[in-house]
Amino acid sequence: CKDTVRRGAGWYQATDRFLAMVSTQGATPFSGCKASAIVPGTVVRPVKLFIGGLTRNTTTKQLRDHFSQYGRILDCVAMRQPDGRPRGFGYVTLDSPAAADLCLAEPQVVDGRVLDMKRAV
């Protein structure tokens, strides 16, 4: 998504806009996002997860591919410095608490490294 590649607080603003759209417009994803379509009228309770311990080579696409096995990915980003260097952490927003619980219940390994995962605050 265009809105989620911003640095710093821009990602939070994009997710907050999504949550506002969910509550007012019947769960419609950001325009231009590659997230799966959400059926209007369904109750969506997105859960944002902090993903720490990423390698220098881990990309947003790898995170999306890995976590899509647990449920629908609403947003995903591997954070980078303004100069493009990786910061070693990212965020994944799943469409339900059940999907998040599945992720948190077992160790996750991406790029050969066990990830440090928590619900984002």
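**Contacts, core and loops in a predicted model**

Trainee: With which residues is Phe67 in contact, leaving aside its neighbours within four places in sequence?

Mentor: This is a predicted model in which local features need pLDDT of at least 70, side-chain atom pairs count only at pLDDT 80 or more, and totals for chains, interfaces and linings use all residues. Residues are numbered from 1 along each chain as its sequence is written, and side-chain values use heavy atoms, with hydrogens and water left out. Contact means heavy atoms within 4.5 Å. For Phe67, the residues are Ile51, Ile73, Val92, Leu94, Cys103, Gln108, Leu115 and Met117.

Trainee: Which residues have the most contacts inside the largest nonpolar core?

Mentor: A nonpolar core is a set of buried (under 20% relative accessible area, 1.4 Å probe, protein chains only) Ala, Val, Leu, Ile, Met, Phe, Trp, Tyr and Cys residues joined through side-chain atoms within 4.5 Å. The largest has 18 residues, and those with the most contacts inside it are Leu49, Ile51, Phe67 and Leu94.

Trainee: Is Thr55 buried or exposed?

Mentor: Thr55 lies in the loop between strand E1 (47-52) and helix H2 (60-67); helices (H or I, at least four residues) and strands (E, at least two) are DSSP runs, numbered from the N terminus. Its relative accessible area is 13%, so Thr55 is buried.

Trainee: Where does Asp111 lie?

Mentor: Asp111 is not a glycine, although its phi is positive, about 55 degrees. Asp111 is in contact with Thr55. Its place is the loop between strand E4 (109-110) and strand E5 (113-114).

Methods:
Buried < 20%, exposed > 50% of the residue type's maximum accessible area, 1.4 Å probe, protein only.
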